[in-house]
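I opened my notebook to look up a helix and a pair of domains. Here is the entry.

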Amino acid sequence: MLDTFALFPTEGPPPAGPLRVPSVLHLIGNTPLLEITRLSTDIAPSVRVYAKLEGFNPGGSVKDRPALCMIQKGIENGALTPDKIILDSTSGNTGIALAMIGAVLGYPVELCIPANVSIERKKIISAYGAKMIFSSPMDGSDGALELCRERLQEHPERYFKPDQYFNPHNSLAHYQTTGPELWWQTKEQITHFVAGMGTGGTLMGTGRYLKEKNADIQIVGVEPDDAFHGLEGLKHMDSSIVPGIYYEKQLDRKISVSTEDAYETVYRLGREEGVLVGQSSGAAMWAALQVAREIDQGTVVTLFPDFGDKYLSTNLWIGWKEYNQRQANMRAEGAA
Amino acid sequence: MSAQVRIPTPLRRFTGGAEAISADGATVGALVDHIESNHPGIKERLCDEAGEVRRFVNIFVNGEDIRFINNLDTPVNEGDEVSIVPAIAGGSG
């Protein structure tokens, strides 16, 4: 099978793509779409499943897109001037994106972050030179949101707050980039778009674009099955401060995923597809496979917000040994 | 043994909004059972079907993670502070 891959083409022109760029910001977007084949063996032959690998963005996540769009629009409309500090609340990936973009454009960045985000995320943000202010681990992302509001109220003149939960340019980024990319990458064949809900920006923006192209495309939101969950990056909407850019009526459906199912899907993606992702990708994949199993034909596309290297120190990997043991037992039973 | 137990926001719907409650038990497991008897529904959030602490749940006794002590058999002494902390922050995507 390997020799069918053109890893090092010896003839013809080199593959298209940006070979030289003037800044790392020019590498945001245009991420690849991966066909999922091993995890989808129980679906109808005419159903294809794809995942958009947002970990290929230079900041390592889908959040590079909205962060860049919100900052660009802030500069354009005069809200972000050179004397200001970029301030926002984030559970990690948006913080990394803002820190990276701030470093390139020369703006200081301050981020309100729940103290229990993974150590890797904190170190990455520090590496880009941004400052972190920690909120209580007991209060989740809403605690960071409150802390950020207080800080802004004290010195509103000092800051530019992209405000990813309420800034329409968050979803605009996906309307302008993620949506068209998927339309083009699936050769207009996409029938279902399945994605996790955090701010709702990915679903709202991408969904709106796809619906304009074909109103029959189903937009499916993925959320944790309970307010108390372990799916970093996702929000249980009924028990959270609902983001201002999130409109539930724009969804055709919501699917709830348990933390355990999402984690095991992460393990399977690593072992069977060779893709190491974070827990929100595991949840998205689990839901996309559920959708794919229900249909006879179609093209189901999900989105993996990032890769898994930022989560190696987290609880995600606590059940890994048991999972491996169960797999080994099943193989042994099968061989017996 | 009576300990103070700090409850994270998503579980406060079981404690009438209380951020901290008192509970009795000589071990963390006994403490969880006691909390369940006063606040039904909370244990299944903390423990799986096998009775083990769910993998995304961290429980600390005086700041020490019980996974590095003796899990649910970790002893609790009078006046200890027990914290239940979900291993997530939530809210991007």
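This is a predicted model: local features need pLDDT of at least 70, side-chain atom pairs count only at pLDDT 80 or more; totals for chains, interfaces and linings use all residues.

My notes below take the helix, then the domains.

I looked up helix H8 of chain A, which runs over residues 279-294 and has 16 residues. I noted a reach of 23 Å from its first C-alpha to its last, close to the 22 Å expected.

Next I checked burial. Twelve of the 16 residues of H8(A) are buried, so the helix is largely enclosed by the rest of the structure. I listed some of these buried residues, among them A:Gln279, A:Gly282, A:Met285, A:Leu289 and A:Val291.

What do the buried residues of H8(A) pack against? I found strands S2 (46-53), S7 (192-196), S8 (218-224), S9 (253-257) and S10 (297-304), along with helix H7 (259-273), in chain A.

**Two domains**

I turned to the domain assignment of chain A. It gives domain 1 as 31-57 + 178-321, and domain 2 as 64-160. I read off 25 Å between the C-alpha centres of domain 1 and domain 2.

I then looked at where they meet. In chain A, 18 residues of domain 1 are in contact with 15 residues of domain 2. The two domains bury about 1,200 Å² between them, with 40% of it on carbon and sulfur atoms. I noted that A:Glu232, A:Ile241 and A:Lys310 supply 47% of the area that domain 1 buries against domain 2, more than any other three residues.

Last, I looked up the polar side of this interface. The rule finds four salt bridges across it. It also finds nine residue pairs in polar contact there, both residues at pLDDT 80 or more.

Key: Residues are numbered from 1 along each chain as its sequence is written. Chains are lettered from A and ligands numbered from 1 in the order in which they are written. Side-chain values use heavy atoms; hydrogens and water are left out. Helices (H or I, at least four residues) and strands (E, at least two) are DSSP runs, numbered from the N terminus. The expected span of a helix is 1.5 Å times one less than its number of residues. Buried means under 20% relative accessible area, exposed over 50%, partly exposed in between (1.4 Å probe, protein chains only). Contact means heavy atoms within 4.5 Å. Domain bounds come from an automatic or database domain assignment. Buried area is the accessible area (1.4 Å probe) that two parts lose on being put together, summed over both. A salt bridge is a side-chain nitrogen of Lys or Arg within 4 Å of a carboxyl oxygen of Asp or Glu. A polar contact is a pair of N or O atoms within 3.5 Å; within protein, one must be able to donate a hydrogen and the other to accept it, and residues adjacent in sequence count only if both atoms are side-chain atoms.
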